[in-house]
Amino acid sequence: MLTIRHVSKWFANGTQALDNFMLKIASGEIVVLIGASGCGKSTLLWLASGLDRASQGGILIDGERVTRPSSRINLIFQEPRLFPWLKVADNIGFGLEGRDRRGRIERVLAKVGLEGFDARWPKELSGGQAQRVAIARALVIEPKVILLDEPFSALDAFTRRDLQQHLLTLWQESRPTMLMVTHDIDEALIFADRVIVMQPWPGRILEEFTVDLQRDRDPASPEFEALKRRLHASLGRSMAGRRHLAA
Ligand SMILES: Nc1ncnc2c1ncn2[C@@H]1O[C@H](COP(=O)(O)OP(=O)(O)O)[C@@H](O)[C@H]1O
Ligand SMILES: [Mg+2]
């Protein structure tokens with residue numbers, strides 16, 4: 001349902017960020033992008049969100065070309081980017097219309113572990129709480145596709161764990177399609193149905209791993225550990241930054 005079709009991207013300064021990138025993501029699937037810094041992960045999410053245009057190729061949702069941001073797609077960044085002049089409830093409800101606005105805001109707040117925080121100002125929140133609000137804001141409109149650019153990497157380990165669990169629970173409830181960028185191999189394997197390893201200069205796909213493990217995954221299990229080792233080795237090849245023929 002999310003199709004990235006032959007996408008190349010050059011920036012005005014001549015940098016080629018993506019070269020003929022192709023990926024099809026099924027409805028409700030979670031795909032994780034991982035790879036050396038500069039391999040075009042953020043660029044790809046920007047293009048998929050409609051905030052920027054591909055130089056060549058295109059991105060489609062349910063067969064319809066993405067040309068601008070819409071409520072079908074939502075992008076969550078590493079930093080929360082809340083509106084400082086709006087209280088938590090209005091940050092979440094921004095752009096939300098219709099009946100039961102208040103109820104929807106309250107329910108989504110509870111789902112990210114922030115019950116009763118609706119009247120707080122962003123400056124009164126910790127980094128972890130602010131990121132919970134950002135996730136609630138993205139989920140409240142029930143987008144078909146959620147794009148996440150290193151959403152937990154600024155958080156401490158405990159908050160990170162907790163928010164990962166909240167997000168997985170929310171995903172299980174409404175099954176949005178997710179495309180997530182992370183630098184953390186454990187995080188990739190906790191979330192992904194598939195992990196795509198990219199490599200830079202220009203950004204392209206190096207290898208793909210299917211994560212065939214039951215949900216509520218145990219990072220200590222031998223299967224998880226084995227995948228982790230393979231992914232680690234692949235990431236090493238990504239860092240090396242040259243084309244590599246997988247064994
Ligand atoms: N607005 C821009 N103008 C010029 N070059 C850019 C711009 N944004 C990103 N780049 C370059 O494109 C490449 C991919 O960047 P990015 O998508 O941010 O990589 P990643 O998120 O994988 O670290 C890098 O070489 C980066 O320097
Ligand atoms: Mg990035």
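The side chain of D118 makes a polar contact with the side chain of R102, at 3.1 Å. This is a predicted model. D118 is placed in the loop between α3 (101-111) and α4 (127-140). With a relative accessibility of 18%, D118 counts as buried, because the cut-off for that class is under 20%. Leaving aside residues up to four places away in sequence, D118 touches K87, V88, A89, R102, E106 and L109.

**Ligand 1**

The shell around ligand 1 consists of F11, N13, T15, A17, S37, G38, C39, G40, K41, S42 and T43. By class, these are three nonpolar, seven polar and one charged residues. Helix α1 (residues 41-49) gives the most to this shell, with three residues.

| Residue | Atom on the protein side | Distance to an oxygen atom of ligand 1 |
|---|---|---|
| G38 | backbone N or O | 2.7 Å |
| S42 | side-chain N or O | 2.9 Å |
| T43 | polar side-chain atom | 2.6 Å |

On its own, ligand 1 has 560 Å² of accessible area, and the protein covers 62% of that.

**Aromatic pairs**

The count of aromatic pairs comes to four. One of them joins F83 and F94, with 4.8 Å from centre to centre and 55° between the planes, and this pair is tilted. F83 lies in the loop between β6 (73-76) and α2 (88-93), while F94 lies in the loop between α2 and α3, so the pair ties together parts that are eleven residues apart in sequence. F83 is partly exposed, with a relative accessible area of 23%. F94 has a relative accessibility of 52% and counts as exposed, because the cut-off for that class is over 50%. F83, W85 and F94 form one aromatic cluster.

Another pair is made by F152 and F191. Their ring centres are 6.2 Å apart and their planes stand at 20°, so this pair is stacked. Stacking here requires planes under 30 degrees apart. F152 belongs to the loop between β7 (145-149) and α5 (157-174), and F191 to helix α6 (residues 185-191), so the pair ties together parts that are 39 residues apart in sequence. F152 is buried, with a relative accessible area of 0%. F191 also counts as buried, at 0% relative accessibility.

**Backbone geometry**

Most residues other than glycine have a negative phi, and most peptide bonds are trans. Several places in this model depart from that pattern. The peptide bond from W201 to P202 is cis, and its omega is near -10°. P202 is found in the loop between β9 (194-199) and β10 (204-210).

E142 is not a glycine, yet its phi is positive, near 50°. This residue is in the loop between α4 and β7. E142 counts as exposed, at 60% relative accessibility.

R175, again a residue other than glycine, has a positive phi near 50°. R175 sits in the loop between α5 and β8 (177-181). Its relative accessibility is 45%, so R175 counts as partly exposed.

Methods:
Residues numbered from 1 in each chain as written. Chains lettered and ligands numbered in written order. Predicted model: local features only at pLDDT ≥ 70, side-chain atom pairs only at ≥ 80, totals over all residues. Heavy atoms only, no water. Near = heavy atom within 4 Å. Polar contact = N/O pair within 3.5 Å; in protein donor to acceptor, adjacent residues only side chain to side chain. Areas by Shrake-Rupley, 256 points an atom, 1.4 Å probe, with all protein chains shown as cover. Helix = DSSP H or I, 4+ residues; strand = E, 2+ residues; numbered from the N terminus. Nonpolar A, V, L, I, M, F, W, Y, C, P; charged D, E, K, R; others polar. Buried < 20%, exposed > 50% of the residue type's maximum accessible area, 1.4 Å probe, protein only. Contact = heavy atoms within 4.5 Å. Phe/Tyr/Trp six-rings, centres within 6.5 Å; stacked < 30°, edge-to-face > 60°.
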